[in-house]
Amino acid sequence: MAARKVAVIGAGASGLCALKCCLDEGLEPTCFERSKDIGGLWRFEERPEDGRASIYRSVIINTSKEMMCFSDFPIPEDFPNYMHNSKIMEYFRMYAQHFDLLRHIRFGTSVCRVSKRPDFASSGQWEVVTESEGKQEAAVFDAVLVCSGHHTDAHLPLSSFPGIEKFKGRYLHSRDYKDAQAFTNKRVVVIGIGNSGSDLAVEISQTAQQVFLSTRRGAWILNRVGDQGYPIDTILTTRIKTFLQGLLSSSMACDYMEKKLNARFDHSRYGLKPKHRVLHQHPTINDDLPNRIISGRVRVKPNIREFTETSAIFEDGTREDVDAVVFATGYSFSFPFLEGCVKVVENQIPLYKFMFPPDLEKPTLAFIGLIQPLGAIMPISELQCRWATRVFKGT
């Protein structure tokens, strides 16, 4: 019997381990990557590319190498605990080379359409239409792994900010930000206090005259450097801590964690204390933000009520003159190539175990890495791929 053919969409972190897991299980993968190289989100380019995630020059990962590596390919000893994006790319290239993955990838090829074959109910097969250099091509696959990520389409909620259309300064989404030079001596407001928003506020404050960090609901700020200087995720994510968390109520676990975070700096004194408890939402990881706030380089502000031609008026009634606005307001995701098979509603998609569309007659379509975890995506993607490939095989 011929090996089952699997289409892998995207050659980022999830796509690479999808290829490897397919090969481990004796499946025959073909990966379609619309850009010219591997790495997805982690490959820095001077200009944002269509249909691909885009990062700024200085991005450093928020998870330590111990917690983010693939299980069968440790990150080299001499790499730092928290890696710059260039180091992550180096690791991905080593991984791809070691497992001989590149020959299964078709670069410069976008997926136009993935649709069920007429006999899908019995065969579970898909027709995949791709385009390369202006030419379209169709092929039949026994299964499909969608590894295209969820940081591609910038979410820019301009309608929530009255007056932005008459604002005379510059505004952009964090996806289009590359470095702080353009903001030298400017007064800048950054909207959003997720990881990108706090990173950008800190970085822009090195060159700007003043940075305002506008947040609707505040955030709990974790630092990468934990007790005794160990990476915070290796301290928090242990079997004993997980076991203890199971014994404690959610409220007690939050009390303990919040007390620890407030011992470093009191979140309410810094204008950052959120309404939600620390374990109920994705935390923000930033070592430098409290230093920038205490030195006045970053000033925390509430949500913006409206813009005028030259200023922002905040919900507490204060007004500040600003030259530029950076929207760190996250992303929305969609799968235009998946005709009628899945529906994304308000950035949510109903999937069994975050992977399988539950109403397909055959489980031959899976999403990999479409999840916002507490920690690194790479080991999760790997486990998802190991499971999905065995489901495809029928084992």
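Predicted model: local features only at pLDDT ≥ 70, side-chain atom pairs only at ≥ 80, totals over all residues.
**Entry 1: helix α1**

I looked up α1 (residues 13-24) and found that ten of its twelve residues are buried, so that the helix is mostly covered. Helices here are DSSP runs of H or I with at least four residues, strands are runs of E with at least two, and both are numbered from the N terminus. The buried residues of α1 include Leu16, Leu19 and Cys22, and I see that the buried residues pack against β1 (5-9), β2 (28-33), α3 (85-98), β3, β7 (143-146) and α10 (378-393); contact means heavy atoms within 4.5 Å. From first C-alpha to last, α1 reaches 17 Å, close to the 16 Å expected at 1.5 Å a residue, where the expected span is 1.5 Å times one less than the number of residues. After α1 comes Gly26, and I wrote down its positive phi, near 75 degrees.

**Entry 2: the sheet β4-β5-β6**

I then followed an open sheet of three strands in the order β4-β5-β6, with antiparallel pairing; two strands pair if DSSP finds at least two bridges between them. Because β4 and β6 (135-141) stand at the edges with a single partner strand each, one side of each is left without a neighbour in the sheet. The twist averages 20 degrees from one strand to the next, with axes being lines fitted to C-alpha atoms (for helices, over the stretch in contact) and angles running from 0 to 180 degrees between N-to-C directions. Seven bridges join β5 to β6, and Val129 stands opposite Ala138 in β6.

**Entry 3: two threonines**

Thr130 lies in strand β5 (residues 126-132) and is buried, with a relative accessible area of 4%. Thr109 sits in the loop between β3 (105-107) and β4 (110-116), and it too is buried, at 2%. Leaving aside neighbours within four places in sequence, I find Thr130 in contact with Thr109, Phe32 and Lys135, among others, while the contacts of Thr109, counted in that way, include Phe32, Arg34 and Thr130.

**Entry 4: the sheet β15-β16-β17**

I looked next at an open sheet of three strands in the order β15-β16-β17, with antiparallel pairing. Here β15 (304-307) and β17 (319-321) are the edge strands, each with a single partner, so one side of each has no neighbour in the sheet. The average twist is 25 degrees from one strand to the next. Strand β16 (residues 311-314) is joined to β17 by three bridges, and Ser311 stands opposite Asp321 in β17.

**Entry 5: the whole protein**

Finally I counted ten helices and 20 strands in the protein, and noted that 50% of its 395 residues count as buried. The C-alpha atoms fill a box of roughly 70 × 50 × 40 Å along the principal axes.

Notes: Residues numbered from 1 in each chain as written. Heavy atoms only, no water. Buried < 20%, exposed > 50% of the residue type's maximum accessible area, 1.4 Å probe, protein only.
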